[in-house]
Amino acid sequence: MIDLVDNIILRGNDSETITELKTAFGLPNVTYDNDFATTISYGIQTWQGKNWDPELNDPSFDLYCGNLTSTELVYPTSKGLIGTVQDLIKKGGYESEVEKLTTPILNWIGWLAQYVVDDCEGSQDSCFSTHNATYYEQDDISQDWRSWPYQYCTQWGYLQTGSGFPDDILPLVSRTSDLEYQSLVCKYAFNITTPPDVEAINKYGGFNISYPRLAIIDGEQDPWRPATPHASPFNTTAVNRTDTVSEPFSLIAGAVHHWDENGLFPNQTVDYPPDFLPPVPVRDVQAQESMFVKAWMQEWELEQMIRRYDELKS
C-alpha cells in the first residue's frame, strides 16, 4: 500500500490526484508530500514499543496491524470513501487488486483518523510537518526529544530513509522520505548541515566492536538490529561470534527492543505466573547477564587484591 502511495506521489505527479489522496486520508492541509507519506506510516514506528510485560507494552502496533489485515470494515465512517479509495488504487497502479486492497486501505484511513489525525490541535502542518523550522528552533531545555536527534545528526547517522528501496522490493517506508528530508531536523534544530561523523563511532570497531567486559545483547526482532553487531544476515560485514563470559554475545529469540531491561518482582507473580512471564528467552539472558556481571566483579576484586599485595611488597 505504501508503494501505491509512492506511485501516485512520485510517479504520477498529478496534483489533483495527490490532493484526492491526502483528502481521503484526512490530511488535505499537510503541505509537503513527504510529510504526508511519513504521517500515514506512523503505525509502523510503533513496533519498537512492543514489550513482553503487559504493563509496559504499547498495543498500538497490534491494533494497527490488526486493522490493516482485517477482512471486515472496522471503521464505518470510512464506508463513504469506497469509491474514492478504489479510484486511488487504480491510479496507484494496482487496478488488478482493487477488491483485495479496498478494505485494508479504508481501515488504514479509519485507524489514522482515530489515533493520529483527530489528536491534532492546530494546523495540520504544525502537527505533522518536519518542514517546521520555527518549532525546531525553539530553545527549550524541556524538549527531551532533542538528545537523540543530536546524537544521530552529529555521529550515529541513523537517518531512516525509504528512498533507497530497490524498485523490485515493496517498501515499508515511503520513498519520499529521502536523506534531505530526514536531515531537516539536523539543520533546523542544531544548524548542522554536514553529514554525521560516523567514523567517530565506527573507529571503535563498527559491527565487529570487541572489548573485554563489553556485552552485546540484542532482540531478534528489534528494528535496530541491522545497525548492531547482530546485523548478520542483513549486513554481510557483520559476523556472528562466540558468546563468552568476557565478551557476551546474545540474541534474544522473539524479542523486540530492550526486552532484557525490565523484569517482575516476586509480588507480581500473582498476576503474572513465573512460568509465563518473563518469556523463557528473556529469563535465560537475564540469568546470563547476572552470571557474567558477577564474574566480572570477581575478576575486578582479584585484580584489586593483587594490586594491594604488590603495593605492600614494595
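**Exercises on a predicted model**

Ser 250 is buried, its relative accessible area being 9%. The model is a predicted one.

**Exercise 1.** Determine where Ser 250 sits in the secondary structure, whether Ser 250 is buried or exposed, and which residues Ser 250 contacts beyond its sequence neighbours.

*Solution.* 
- Step 1: Ser 250 belongs to strand β2, which spans residues 249-252.
- Step 2: The cut-off for buried is under 20% relative accessible area. Ser 250 has 9%, so Ser 250 is buried.
- Step 3: With neighbours within four places in sequence left aside, the contacts of Ser 250 are Ile 216, Ile 217, Asp 218, His 230, Asp 243, Val 285 and Gln 288.

**Exercise 2.** Describe the largest pocket by its volume and its lining.

*Solution.* 
- Step 1: The space in the largest pocket comes to about 2,100 Å³.
- Step 2: Its lining consists of 44 residues. Nearest the centre of the pocket lie Gln 45, Tyr 158, Gln 160, Gln 182 and Trp 224.
- Step 3: Elements giving two or more residues to this lining are α3 (33-39), α4 (42-45), α8 (124-128), α9 (133-137), α10 (147-156) and α11 (179-182).

**Exercise 3.** Characterise the protein as a whole: elements, burial, contacts, surface and charge.

*Solution.* 
- Step 1: The protein contains 14 helices and 2 strands.
- Step 2: It has 314 residues, 36% of which count as buried.
- Step 3: Of the contacts between residues at least 6 apart in sequence, 65% join residues at least 24 apart.

Terms used
Residues are numbered from 1 along each chain as its sequence is written. This is a predicted model: local features need pLDDT of at least 70, side-chain atom pairs count only at pLDDT 80 or more; totals for chains, interfaces and linings use all residues. Side-chain values use heavy atoms; hydrogens and water are left out. Helices (H or I, at least four residues) and strands (E, at least two) are DSSP runs, numbered from the N terminus. Buried means under 20% relative accessible area, exposed over 50%, partly exposed in between (1.4 Å probe, protein chains only). Contact means heavy atoms within 4.5 Å. Accessible areas come from the Shrake-Rupley method with a 1.4 Å probe; for residues, only the protein chains shown count as cover. Lys and Arg count as positive and Asp and Glu as negative; His and the chain ends are not counted. The place of a charge is taken as NZ of Lys, CZ of Arg, CG of Asp or CD of Glu. On a 1 Å grid over the protein atoms alone, a cavity is a set of points where a 1.4 Å probe fits but cannot get out, and a pocket is an open set with protein on both sides within 12 Å along at least five of seven lines; lining residues have an atom within 4 Å of a point. Grid points are joined across faces, edges and corners, and a volume is the space filled by probe spheres set on the points.
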